[in-house]
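Here is a short tour of a protein model, meant to be read with the structure open beside you. Please have your viewer ready and follow along.

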Amino acid sequence: MTLEIRTFGPFEIQRGEALLELPSSRKSRALLAYLAITGKRHSRRDLCELFWDNTDDPLAGLRWSLSKLKTLVNADGDETVNSNRDAIWFDSSQALFDKDQLNDLANRGHQTEKEADQVWKATSGLPLADCELPNQPEFMTWLEGYRQDYVRLRAGVAKRFARDEELPWQTRDKWAERWIRLAPYSRGAAFTAFETKYHAAGRAAATGLADHLRKTFGEAGIEPPVFEIAEEPGKPLITPRDLLAPEEQQIRFVDGEDGVSIAWASVGNAANPPLVKAANWLNHLELDWDAPVWSPLFKELSKSHNFFRYDERGCGLSDWNVDEITFDKFVEDLERVVDAAGLERFPLLGISQGAAVSIRYAALHPERVSQLILFGAYDQGWRFNATPDQVREREAVMVLTETGWGMDNPAYRHVFSRTFMPDASPEELDWFDEFQRLTTSAENAVRFLEAFSTIDVRDDLAKVQCPTLVVHSRGDMRIPFATGRSIASRIPGAQLAGVESQNHLLLGRESASTRFVELVQDFLKSG
């Protein structure tokens, strides 16, 4: 008999007309949810680490929960929860998940608005609301990733119907309100909400909404869109978004060689020449599109290029729950993304540790990289040359990161933020603190820092064959300008340019950001 599995709200399983009474143990419920949703074999060792790493006898805990779940779920000869000596798995061939209809709605798009509204209401609620295990950080990382995917799916659905020009304005306004609730710092969502409110409820209602949104964006340190609608008698309505904004980015997913889902996006006219940005940590395809850091660069480049970028494994919209966060995997993921995008030859932009990934890729695939742009680059991690004092300092930051990353109090994250942007205002630091928290987990943050500490592409520099531009902040307090100069001297024919800033991550408001955009555009034109 088919099982109906509900993951939005409290975790529930229904067989026929009967709702199964799940174990009172929150950990057993969480284990069942994890097995059912992932739908693959898990080794007993991995499950012990995920759910019982803080107990004296994790295998005993796993065996006890497994016996309860088998008794509960397996019936009439059905072996839904299975196990052998090494692994445990959930046979989902006879299961229907509530997320299936949301996936179908988000990815197929054939439903009517009325059908979509029914699915929307049926799939509301916090996913797995009764399965949280605060003392199991690895499981919580997986759970947060599942919840983020849920938000992304719903935001995509809301966006589609909010911008459906065949629907009445009142209907579009309903979906626009849903979109802005899910993506409160999306300039596209904000302007659409304003636009639909204007046509559905009038100028006064739209003006009130615009005032509220300006305040929300201002408190987050993000520039709001221009809330204006130009009306001329006898002419079609033209909005600032139509005139100024690039096309909306299209977000897709590709599996890495180890099955990790990597989120990638393209934006800009497909007829324009391509430009690929390698991922660097603290990427989030949706959140950083309107961020005060790289947003001006991204939007300028997307006007003249078909601009491709992606979220690194372990952060953003890519899978967070991953076995490997290593430099080699970073390079493999770049390979998968450009192949999925169908790109044969393209310029490549690398920022911070993304520059090292770009250097390695250009050395391995000289026939595919036409030009290379590096900003804030380093060719080796800090562990190679750090003094004992520097090692202690770096490792102390890693401890602070692990303990304070997810806390409401941003003091711990401020320690980290200041090393990236010493010239940031308090408002910009507040935005970056929250951005960090939403971009990855505390555990992954530490894993990233450790992976970056051992990067080594020194031997790859001489193998780069394409024209290369190395740009570096002259006062960079995280990666000294001398490092950028050294890299440029060892890449054949590379150009070096400095910008006047102390920031490792350039703020969109500073002149150095404008200068960097000019340098990149001029270099790309020269190719």
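Is Phe327 buried or exposed? Phe327 is buried, with a relative accessible area of 11%, where buried means under 20%, exposed over 50% and partly exposed in between, using a 1.4 Å probe and protein chains only.

A word on the ground rules before we go on. This is a predicted model, in which local features need pLDDT of at least 70 and side-chain atom pairs count only at pLDDT 80 or more, while totals for chains, interfaces and linings use all residues. Residues are numbered from 1 along each chain as its sequence is written, and side-chain values use heavy atoms, with hydrogens and water left out.

Back to Phe327, which sits in helix H12 (residues 327–340); helices (H or I, at least four residues) and strands (E, at least two) are DSSP runs, numbered from the N terminus. Phe327 is 292 residues from Leu35 in sequence and 29 Å from Leu35 in space, C-alpha to C-alpha.

Another buried residue to look up is Asn74, with a relative accessible area of 15%. Asn74 belongs to the loop between helix H3 (58–73) and strand E5 (81–83). A polar atom of the Asn74 side chain lies 3.0 Å from the backbone nitrogen of Thr80.

The table puts some contacts side by side; contact means heavy atoms within 4.5 Å, and neighbours within four places in sequence are left aside for each residue.

| Residue | In contact with |
|---|---|
| Phe327 | Ala356, Val357, Arg360, Ile455 and Val457 |
| Asn74 | Arg15, Leu69, Glu79, Thr80 and Val81 |
| Leu374 | Gly350, Ala355, Ser358, Ile359, Thr468, Leu469, Val470, Val471, Ile487 and Ile491 |

Leu374 leads us to the largest nonpolar core, which has 117 residues. Such a core is a set of buried Ala, Val, Leu, Ile, Met, Phe, Trp, Tyr and Cys residues joined through side-chain atoms within 4.5 Å. Trp294, Leu297, Leu334, Leu348, Leu374 and Phe516 touch the most other members. Helix H19 (residues 511–526) gives the most to this core, with seven residues. Apart from this core lies another, of 39 residues, among them Ile5, Leu35, Val81 and Leu102.

Leu102 also turns up where two helices meet: Gln101, Leu102 and Leu105 in H4 meet Ala116, Val119 and Ala122 in H5. Helix H4 (residues 98–107) and helix H5 (residues 113–122) pack with their axes 10 Å apart, at an angle of about 140°.

Key:
Polar contact = N/O pair within 3.5 Å; in protein donor to acceptor, adjacent residues only side chain to side chain. Axes fitted to C-alpha atoms, helices over the stretch in contact; angles between N-to-C directions.
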